[in-house]
Amino acid sequence: MRFENQIAVITGGAGGVGRTLVRLFASEGARIMIADMDETGCRDVAEEARATGADIAFFAGNLREKGYCEQLIKATIETFGGIDILLNNAGVIPRGTIEETTDDMWSLAMDVNLNAVFFLCRAAIPYMEKRGGGAIVNTSSVWGTHPGPAHVAYCTSKGAVAALTKNLGRDCAPMKIRVNAVCPHEINTPMIRSGFERRGLDPDKAVEELNKTVPLGRIAEPEDIADVIAFLASDQSRYIAGETIEVTGAKPVSG
Ligand SMILES: NC(=O)c1ccc[n+]([C@@H]2O[C@H](COP(=O)([O-])OP(=O)(O)OC[C@H]3O[C@@H](n4cnc5c(N)ncnc54)[C@H](O)[C@@H]3O)[C@@H](O)[C@H]2O)c1
């Protein structure tokens, strides 16, 4: 029970990795505020976790809105009385080269993947400081630390999250707030599967093909990433701050 009575905000809590994070943190005693624009998904995940006895609330909304980000932290304080852990897991993946990237695609990537992380960290940090510390885990991507092909808005936004993490990791350490990021390679979630569907491919077959490109033999399952995030949020990583941890199954970024 690494998170007994700790209060955690999990963004993207209705998505592939997010649902797994909610289950894992609830099973280890966390009290959780789920955030996602998918209100039905939030309700489902919350009900599932409540059925196991967990203390869960959700606050659905659009992370593209600064007001929502700030309200989310306020709602967490009003509901649970504080905040110990912030998992900035939500993300979007507009796909394209620079010529294919519209203004809207660029803004979407920056709003969800970067600006929301900034607004949420800025709103949460003073409350963490009041409680004597905390942990923030941002989800970047290995495509943020090494550019992947033809995803210029996504890779740039995730690179900026890695940079923000290193800055905050340094600045917040004296407050005993540890800020780290996880940088996954491909994960078997709706994000990657919907990309295959859009290209007219069968997602199961496409994932099977992708598995062959990973030295460890398969792309990540959400649990593989959630376990690393939980480690970074827990006291087991008490001396790790300002790091971006690549979780790749030894697969390099190529192409
Ligand atoms: N799946 C991968 O291959 C992969 C690889 C590297 C990094 N990542 C990162 O991992 C994180 C989790 O991704 P996932 O694979 O679980 O994706 P997912 O698409 O399954 O889940 C993302 C969740 O974020 C929510 N979301 C998106 N835009 C939002 C907004 N404007 N406001 C509120 N909520 C919003 C969605 O509703 C969804 O529930 C993301 O940050 C993603 O960029 C994923």
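**Domain 1 against domain 2**

Q: How many salt bridges does the rule find across the interface of domain 1 and domain 2?
A: The rule finds one across that interface, a salt bridge being a side-chain nitrogen of Lys or Arg within 4 Å of a carboxyl oxygen of Asp or Glu. This is a predicted model, where local features need pLDDT of at least 70 and side-chain atom pairs count only at pLDDT 80 or more, while totals for chains, interfaces and linings use all residues. Residues are numbered from 1 along each chain as its sequence is written, and side-chain values use heavy atoms, with hydrogens and water left out.

Q: And what does D224 pair with?
A: D224 forms a salt bridge with R218, with 2.7 Å between the closest N and O atoms.

Q: Where are the domain bounds?
A: Domain 1 is 7-185 + 222-247 and domain 2 is 187-219; the bounds come from an automatic or database domain assignment.

Q: How much area do they bury between them?
A: About 710 Å², 60% of it on carbon and sulfur atoms. Buried area is the accessible area (1.4 Å probe) that two parts lose on being put together, summed over both.

Q: How many residues are in contact?
A: 12 residues of domain 1 with eight of domain 2, contact meaning heavy atoms within 4.5 Å.

Q: How far apart are the C-alpha centres?
A: The centres of domain 1 and domain 2 lie 23 Å apart.
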